[in-house]
Amino acid sequence: MTLETGTQKVATATQALQTYEEAFGGLEKSAGAVSPWLRELRRNGFDRFVERGFPTLRDEDWRFTNIAPIAQTPFRLARNGQHGPSRRDLEAYRLPGAAYELVFVDGRFSAELSSPGHLPPGAIVASLAAQIAADPASVEPHLGRYLDTGRDAFSALSTAFLEDGAYVHVARSTILEAPIHLLFVSTAHDEPIVTHPRNLIVADENSQVTVIEEYISLNLGAEKSSPALCNAATELVAGDHSVVSHFMIEREDVQAFNISTLRIQQGRAADVSSHSVLAGGGIVRNNVHPVLAGEGGECLINGLFVGGGRQHLDNYMLVEHASPRCASRQFYNGILAERAHGVFHGRIIVHKDAQKTDAKQTNRNLLLSDTAQIDTKPQLEIYADDVKCTHGATIGQIEETALFYLRSRGIDEASARRLLLMAFASECLDRMKEGAARTHVEHLINESLRPLAGFSQPAATQKLHDSDSR
Amino acid sequence: MSLLEIKNLHVRVADREILKGIDLTIDSGQVHSIMGPNGSGKSTLAQVLARRESYEVTGGEILFNGKDLLAMKPEEAACEGVFLAFQYPVEIPGISNAYFLRSALNAMRKYRGLEEMDAMDFLPKLREKLKLLHMDDKLLNRSVNEAFSGGEKKRNEILQMAVLEPKLAILDETDSGLDIDALRIVAEGVNAMRSPERAVLVVTHYQRLLNYIVPDRVHVLVDGRIVRSGGPELALHLEDKGYVDIEGAAGRA
């Protein structure tokens with residue numbers, strides 16, 4: 001990358017803003033038949049974006065993550081990819097044991113690539129665009145109601161450019177045992193493109209569901225590809241006594257920018273687990289924002305981030321306790337090699353009425369090189385007086401004594417390192433319920449740890465491309 | 001050919017010479033003991049034999065089965081048949097004992113060109129060894145050494161030895177911190193493994209373990225040198241008189 005002067009930077013940022021304005025104008029014109037509420041929702045989102053602009057390092061919530069490379073790039077809205085994948089290209093990415101699989105290519109639902117399955121009565125899985133068209137009344141009460149467009153530019157942009165994504169609705173007392181797999185594929189383009197996948201998951205009272213969001217890049221033999229920005233947002237409504245598991249898996253290539261926001265609204269005694277696994281992406285920001293709005297809710301916020309090269313993996317947790325007797329547990333483990341930079345920002349807000357809150361937060365990190373970096377920051381804001389809040393963070397390295405112990409039993413150095421890394425990562429795996437989702441994640445983690453352990457194989461993200469080009 | 005031949009071994013740790021010319025030969029089927037006061041270099045010798053890389057060998061050579069042991073990595077030495085029962089077994093959270101043992105065994109089988117063993121074939125073999133050491137099945141599913149008692153850790157070392165069936169087993173102060181019952185169990189485990197194809201090197205400060213694992217030869221290590229060698233009676237002599245008169249003799253020599 002060449003050095004830019006200050007004025008050039010301003011010029012590119014302005015140019016980038018112009019691109020968004022043109023795109024938004026285009027969207028408003030083209031989507032003629034849109035309901036007034038949706039039109040207004042988008043308009044408000046865009047106004048917020050223009051008001052706030054992109055965050056900078058001076059913004060407290062972004063002080064460890066420089067998103068200038070995103071702010072300065074004139075991304076265009078993705079239309080149809082030049083290299084559309086075939087079903088065969090996606091074979092390696094299917095999730096065995098999934099009940100239903102929706103595939104999105106550059107943010108748009110692809111019926112041809114998706115694999116619908118058998119669902120019990122009471123469960124609906126569809127593309128959001130189709131659901132809005134078919135039954136807007138099912139969407140309107142929830143869509144855009146929880147995600148705060150005032151929080152940052154990305155939430156605002158998500159709502160402004162809201163078009164497609166997944167819609168999952170599980171009716172009262174309906175139980176889906178097998179997971180729903182949402183696969184978001186970024187294809188290669190010769191100009192920078194942006195997608196804004198927007199998902200809505202509604203689990204009614206006493207229902208159960210597991211949803212897996214997975215983000216991948218597919219280059220399909222393209223010689224070179226421009227950076228892509230995936231700005232994903234999911235609103236998850238967990239009704240009273242519901243049990244919901246959500247997985248966010250980021251394994252795009254290292255050129256990709258991925259910003260994701262999971263906004264969870266929990267009802268009374270709802271039990272929600274959020275599992276994030278970040279193994280790919282160049283600049284990644286993973287926002288998880290549960291609001292425990294009903295009494296006796298429980299929330300597990302579990303994550304693993306694994307980075308090498310110059311990857312930047314930022315995890316921003318905002319856990320809001322808004323009702324009494326709720327429990328939240330945050331556990332994030334980071335493994336960082338080479339010049340990778342990880343961030344864990346764990347913010348807990350206990351509102352005035354949220355007595356008997358039990359909030360716990362732990363962030364553990366392994367740094368595998370002198371140049372890897374982690375910033376970890378707890379932030380507790382407590383406005384109730386009868387609460388239990390704990391937090392802790394550790395930063396360490398692979399212990400030489402443990403490595404020697406394994407090697408002295410005949411295990412070669414790379415395998416010994418991988419075992420120790422896997423052991424560290426397994427703390428995160430152990431918090432996932434056994435099943436198809438966990439098996440899938442375990443396999444992925446295993447693959448992404450191999451290169452960090454010193455196996456002479458390309459990084460997992462690059463390996464994806466090797467298998468793609470076959 | 002002897003199983004182990006150590007010739008004029010000099011070792012440094014952080015700029016201090018710890019071993020100052022060790023000569024020691026052990027044949028298959030033999031049990032040798034190295035005794036000595038604290039800080040004499042006993043553990044250093046054990047660690048060098050297991051090829052810990054932070055110990056710098058500045059002179060001498062070690063032949064194991066006729067091969068240059070000092071050219072081997074720790075995993076190669078292990079696969080060739082060297083086993084060290086650690087004085088302080090390492091806790092490894094997140095890896096189950098059973099998985100660890102199978103990984104180790106399979107690494108060695110692979111090295112020797114044998115097929116890897118799956119869990120179904122491995123578990124019965126493991127259970128049999130567990131019985132020998134009076135160990136609870138539950139220890140297999142727990143993380144390696146994590147929250148094990150001192151005695152459980154030491155027994156776990158011997159369990160590993162029983163599974164891996166080394167040619168040379170080095171016990172580094174395996175007796176320290178063991179009560180007499182645990183000591184007997186550990187000794188039984190070691191004795192059950194004595195065979196004409198295997199040698200044992202018992203590194204210890206005290207003679208007591210040698211009541212149960214009777215050595216063929218005893219060597220006294222003082223200040224980085226073997227100052228006296230003899231039969232099992234030498235250990236009894238040391239127990240009786242302590243190291244003082246031998247240290248004195250070494251000082252005069």
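Predicted model: local features only at pLDDT ≥ 70, side-chain atom pairs only at ≥ 80, totals over all residues.
These notebook entries record what I looked up in the structure shown above.

**Entry: the model and its numbering**

Residues are numbered from 1 along each chain as its sequence is written, and chains are lettered from A and ligands numbered from 1 in the order in which they are written.

I noted the model scores, ipTM 0.96 and pTM 0.89. For chain B I found a mean pLDDT of 93, with 97% of its residues at 70 or more; pLDDT is the predictor's confidence in each residue, from 0 to 100.

**Entry: domains of chain A**

I looked up the domain assignment of chain A, which gives domain 1 (6-294) and domain 2 (311-397); such bounds come from an automatic or database assignment. The C-alpha centres of these two domains of chain A lie 24 Å apart.

I then examined where they meet: 20 residues of domain 1 of chain A are in contact with 17 residues of domain 2 of chain A (contact: C-beta atoms, placed from the backbone, within 7 Å). On the domain 1 side, the elements giving two or more residues are β13 (271-278) and β14 (283-292) of chain A. Helices (H or I, at least four residues) and strands (E, at least two) are DSSP runs, numbered from the N terminus. The largest share of that side, ten residues, comes from β14(A).

**Entry: where chain A meets chain B**

I found 16 residues of chain A in contact with 20 residues of chain B. On the chain A side, α7 (400-407) and α8 (413-429) are the elements that give two or more residues. α8(A) gives the most, with six residues. I recorded the classes on this side as seven nonpolar, four polar and five charged residues. Ala, Val, Leu, Ile, Met, Phe, Trp, Tyr, Cys and Pro count as nonpolar, Asp, Glu, Lys and Arg as charged, and the others, Gly among them, as polar.

I next checked α7(A), where A:Ala402, A:Phe404, A:Tyr405, A:Leu406 and A:Arg407 are buried (20 or more other C-beta atoms within 10 Å of the residue's own, with C-beta atoms placed from the backbone). The buried residues of α7(A) pack against α8 of chain A, together with α2 (74-80) and β7 (92-96) of chain B.

**Entry: an open sheet in chain B**

I traced an open sheet of four strands in chain B, in the order β2-β1-β4-β5 with antiparallel pairing; strands pair if DSSP finds at least two bridges between them. Its edge strands are β2 (16-26) and β5 (67-68) of chain B, each pairing on one side only. Strands β1 (4-13) and β4 (56-64) of chain B pair over seven bridges, and B:Lys7 has B:Glu61 in β4(B) as its bridge partner.

**Entry: strand β9 of chain B**

Which residues of β9(B) lie on each of its covered faces? I found B:Leu168, B:Ile170 and B:Asp172 on one side and B:Ala169 and B:Leu171 on the other, all buried.

I followed its neighbours in turn. Strand β6 (82-85) of chain B pairs with β9(B) in the parallel sense over four bridges, with B:Leu84 opposite B:Ile170. Strand β10 (199-204) of chain B also pairs with β9(B) in the parallel sense, over five bridges, and B:Leu168 stands opposite B:Ala199.

Notes. Contact = placed C-beta atoms within 7 Å. Buried ≥ 20, exposed ≤ 12 C-beta atoms within 10 Å, placed from the backbone.
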